[in-house]
Amino acid sequence: MATPGSRRVPAEQAATREQIDRAVAALTDEEVLRLERHAAWRIRGLGPAADARDAEDLVNDAFELTYSGARSWNTAVPFYIHLKGVLRSVSDHWREKYATQLSAGRGRLDASEDARTAAETAVDDPRVRAGFQDTLDAVYALFQGDRVALDILEGLAEGLESADIRAIAGLGQTPYESKVRAIRRALIDAGLKRPTVTQKGPGRG
Amino acid sequence: MADANRDEQQRRLFDALGESIDDTSADDLRDEIRAEGRDPDGAIAGVRAVFGRIQKKHRQAKLAEARTTYAATIESLKQPRSRRIPADPAKQRALFLHAIQTQPQLTARFRDLEAISPEEIVQILEQLQALDLLPDEEP
C-alpha cells in the first residue's frame with residue numbers, strides 16, 4: 001500500500017501495536033462517531049475522486065497505515081488527532097491519484113514522484129476540472145440568496161483566516177461558528193453525497 | 001477565479017467546513033447520520049469493526065510468522081550437526097579442551113582435566129553437540 005503523507009516519527013515516540021490496541025480500546029463512542037463523521041465528510045469533499053469508496057474504506061486505509069507502521073502514530077499526539085490526520089492525508093492522496101489517472105487516461109499509477117508531478121498539472125484537464133467545478137457550483141447554488149453563507153464559503157475556498165471572513169461577513173466568533181456548522185449540515189441535508197459528474201472515474205488504483 | 005484552482009478551492013472549502021465537526025455536539029452528529037438514513041450506533045459499530053478486522057488480520061499474520069519460524073527452528077534441529085566428534089581419542093581430547101576454553105561457563109566445571117577419562121570426554125562432547133555448543137573452528 002502506498003503511504004500517503006508519510007512522516008518520520010522519532011523511534012522512541014512511535015507507538016507499538018500494543019499501544020495502538022490500547023488506544024483503540026480507549027476511544028470513546030463519541031470519538032469514534034467524530035472519526036466516522038470526518039471520514040464521511042472527506043468522502044463528500046472528494047466528489048468523483050471518491051470513486052465509489054465510502055467512509056468505511058477511508059477509515060480502513062487510515063487505520064491499516066497506522067497499524068502497519070506505514071504511518072506511525074506519534075504517541076505525543078492524541079490517537080484521535082492522529083487518525084483524523086491520516087484520514088486527511090489518505091483522502092488527499094486519493095484526490096491526487098484520481099486527477100492523475102483521469103488526466104493520463106490510464107489505469108493504476110503508484111503514488112510516485114512522477115504521479116505527484118502529474119497531479120499538479122492534471123487540473124488543466126477539462127474532465128478533471130468538470131468534476132471539481134460541479135461540486136463547487138452545487139455548493140454555491142445551494143446557498144444562493146444567503147449572502148453571509150456565500151461570504152463564508154468563498155472565504156473558506158480562498159483559504160482566508162476565519163477572522164478575515166468574519167470581518168467580511170460581519171459576524172462575531174460564535175455566530176460565525178454556528179453558521180459554519182449550519183452550512184455543513186445544510187450540505188448534508190441537501191444530499192450532496194455524490195456531486196454530479198459528467199465523466200466516469202478512471203477506476204480505483 | 002481560474003479554473004485550474006477549482007479543485008484546490010474545493011479541497012480548502014471541505015477541509016475548513018470539516019473542522020467544524022469537532023465543534024458540533026455529539027447529538028447533532030448523530031442527527032446527521034440519521035438524516036443520511038443510517039443508525040448512529042451502527043455507524044460507530046462499523047468503524048470499530050474496521051479497527052477489529054485490521055487488528056485481527058495483523059495478529060494472524062504475526063502468529064503465522066511465529067509458526068513459520070518455529071517450524072524452521074525445529075527443522076534445523078533435525079539437521080545433522082556440521083561439527084562432528086572425531087573418532088581419534090587424542091583429537092577428542094583436543095576438541096574437548098578447545099570447547100571448554102571457548103565456553104567460559106564450562107571451564108569451572110572441569111578443573112582436573114587430566115583426570116577425565118576418554119569415555120567421559122566422548123559423553124561430554126556428545127552432550128555439547130546436542131546443545132550445539134561445540135566450537136565450529138578446529139582446535
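The model is predicted, so treat it with the confidence scores in hand. Chain A is built from 9 helices and 0 strands, and chain B from 6 helices and 0 strands. The two chains touch through 35 residues of chain B and 44 residues of chain A.

**Confidence in chain A**

- The average pLDDT for chain A comes out at 81, and 75% of its residues score at least 70.
- Residues 106–124 of chain A are one stretch to handle with care, as the pLDDT there is below 50. In the model, that stretch still has 36 contacts beyond near neighbours in sequence.
- Residues 193–201 of chain A also have a pLDDT below 50. Here the model shows 18 contacts beyond near neighbours in sequence.

**Fold of each chain**

- Walk along chain A from the N terminus and the elements read α-α-α-α-α-α-α-α-α.
- Chain A has 205 residues, and 39% of them are buried.
- Chain B has 139 residues, of which 21% count as buried.
- Take the contacts in chain A between residues at least 6 apart in sequence: 62% of them join residues at least 24 apart.
- For chain B, with contacts again counted between residues at least 6 apart in sequence, 66% join residues at least 24 apart.

**Nonpolar cores**

- The largest nonpolar core has 53 residues, and the members that touch the most others are A:Val59 and A:Ala62.
- Helix α4 of chain A, residues 79–104, is the top contributor to this core, giving 9 residues.
- Setting aside neighbours within four places in sequence, A:Val59 contacts A:Leu35 and A:Ala39 in its own chain, plus B:Val47 and B:Val50 across in chain B.
- Another core, of 8 residues, lies apart from that one; among its members are B:Leu95, B:Ile100, B:Leu125 and B:Leu134.

**Where chain B meets chain A**

- On the chain B side, 35 residues are in contact with chain A, and on the chain A side 44 residues are in contact with chain B.
- Three helices of chain B each supply at least two residues to the side that touches chain A: α1 (6–19), α2 (26–35) and α3 (40–78).
- By residue type, that side of chain B splits into 16 nonpolar, 8 polar and 11 charged residues.

Methods
Residues numbered from 1 in each chain as written. Chains lettered and ligands numbered in written order. Predicted model: local features only at pLDDT ≥ 70, side-chain atom pairs only at ≥ 80, totals over all residues. pLDDT = per-residue confidence, 0-100. Contact = placed C-beta atoms within 7 Å. Core = buried A, V, L, I, M, F, W, Y, C linked by C-beta atoms within 7 Å. Buried ≥ 20, exposed ≤ 12 C-beta atoms within 10 Å, placed from the backbone. Helix = DSSP H or I, 4+ residues; strand = E, 2+ residues; numbered from the N terminus. Nonpolar A, V, L, I, M, F, W, Y, C, P; charged D, E, K, R; others polar.
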